[in-house]
Amino acid sequence: MADVKRILAEVVARITPTQRPPEVDATLDAINAQLRKRKIRAKASLGGSFAKDTWLVGDHDVDIFVAFDLSYKDKPLSDILAPALAFLKPTRVHGSRDYFQIEDHFMFEIIPVLAIKKPADAQNITDFSLRHVTWVNARSKRLKDDIRLAKKFCKAQRVYGAESYIRGFSGHVVDLLVVHCRGFMPLLRAAAKWTPKTVIDTENAHKGKTLLVLNKSKTEGPLVVVDPVQPERNAAASLMIENYDRFVHAAKMFLARPSLGAFERQSVDFAKMAKRGSLVLVSAQPMRASEDVAGTKLLKLFEHVKTTLVEQGFTLSNAAWDWDKKHKALLWFVTKEATLPKTREVTGPPVRLSHHAAAFKKKYRRVKTSKGKLVAIVPITLRTPIAVANAASHDPLVKDKARAIKVMPWSARLKL
């Protein structure tokens, strides 16, 4: 136990900032000055980790919410906000309600919202964002370090981020889990016992009947976290099973063998992977687009190659990908088979069904009969995982998913 306390204390010391960067408050003040100058009834406030005092050393993503008076309810908030931000030369990002990005040393996201007084006032999911901040801050005064630990742990395990190409644990979900469990270590102990369908309802909004009350489409994932300020919403709806399982596994591993390494993003051990099967690597340059768009395209490339390998007859023992969010993505696939046989058998209809049998014989050149059914002998043209991965990566279906793609077999001499 002493080792765990020492490890956690050391991590906290490493990841806790000494002060808020002056650029954050300067940008916030400048936006509010512009809003006042233009007589726009709105106020810019910090959101996310900077508002909750849970950001990490090295964090450069800053959320700013511009809350408009309810008198603007039926007006285009993004269009009204745009001129007030012109001095910052932001990029406008299209969405259910457009928001703005400024990338310099920091990545600022400036989101227009309504200053709602009750849930019924909301017109967009982001309108609840400042309420999330209020809820977490009221319950996490002694849990700031625990939230930082949980965020760092998730980042190290590659399961952090709600972006569509990650589908991991969002910052909001991490906050809710730590508050619910009352600490980082209690969260890990709870996660070690999670089942494939875990329900967390901190405020007991649904009286133990969450799965019956919430829309089925919101509870399909492995984790259901009832949003305390939007009880009809599953805050973890986008979390995919692979990231859920990875977090549970990491929690068990840390509880069994606590180490500083659990909070550090580890390099992928390709040499170890290659000993367990045939390893193929796909290097890809992302499309020139926003991070979310470029990442989503890379994810689709990954899924296409993965699906094609399975459809062609390979058994995958490992498949994943990583991206530096800038210039290069690396996809990897490990198959149990190094080479497929020259042919495969396709079972057809019973011989007695003459009409279907004739159509089957017309489709395939080599056909035999086995136990009263027709069986076609089909040649396999792409017999190695690298051949299949190469064909899949250059399929017209994914030509717009990356700018440059290179498929290569693993070699211990390969420099990545």
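1. Which residues does Q34 touch, not counting residues up to four places away in sequence? A84 and F87, where contact means heavy atoms within 4.5 Å. Q34 belongs to helix α2 (residues 22-37); helices here are DSSP runs of H or I, at least four residues, and strands are E runs of at least two, numbered from the N terminus. At a relative accessible area of 17%, Q34 is buried (buried is under 20%, exposed over 50%, partly exposed in between, with a 1.4 Å probe and protein chains only).

2. Before going further, a word on provenance. This is a predicted model, so local features need pLDDT of at least 70 and side-chain atom pairs count only at pLDDT 80 or more, while totals for chains, interfaces and linings use all residues. Residues are numbered from 1 along each chain as its sequence is written, and side-chain values use heavy atoms, leaving out hydrogens and water.

3. A84 turns up again in helix α4 (residues 77-85), whose buried residues are L77, S78, L81, A84 and L85. Looking down the α4 axis, they fall within an arc of 120°, so they line one face of the helix (the arc is that of the directions from the helix axis to the C-beta atoms).

4. Five strands make an open sheet with mixed pairing, ordered β1-β2-β5-β4-β3; two strands pair if DSSP finds at least two bridges between them. β1 (42-46) and β3 are the edge strands, each pairing on one side only. β1 and β2 are antiparallel, with five bridges, and K43 has A67 in β2 as its bridge partner. Helix α2 lies across β1, β2 and β5, at about 175° to β1 (axes are lines fitted to C-alpha atoms, for helices over the stretch in contact, and angles run from 0 to 180 degrees between N-to-C directions).

5. Now the nonpolar cores, meaning sets of buried Ala, Val, Leu, Ile, Met, Phe, Trp, Tyr and Cys residues joined through side-chain atoms within 4.5 Å. The largest has 72 residues, and F169, W194, F247 and F263 touch the most other members. Helix α7 (residues 171-181) gives the most to this core, seven residues. Apart from this core lies another of 27 residues, including V305 and L340.
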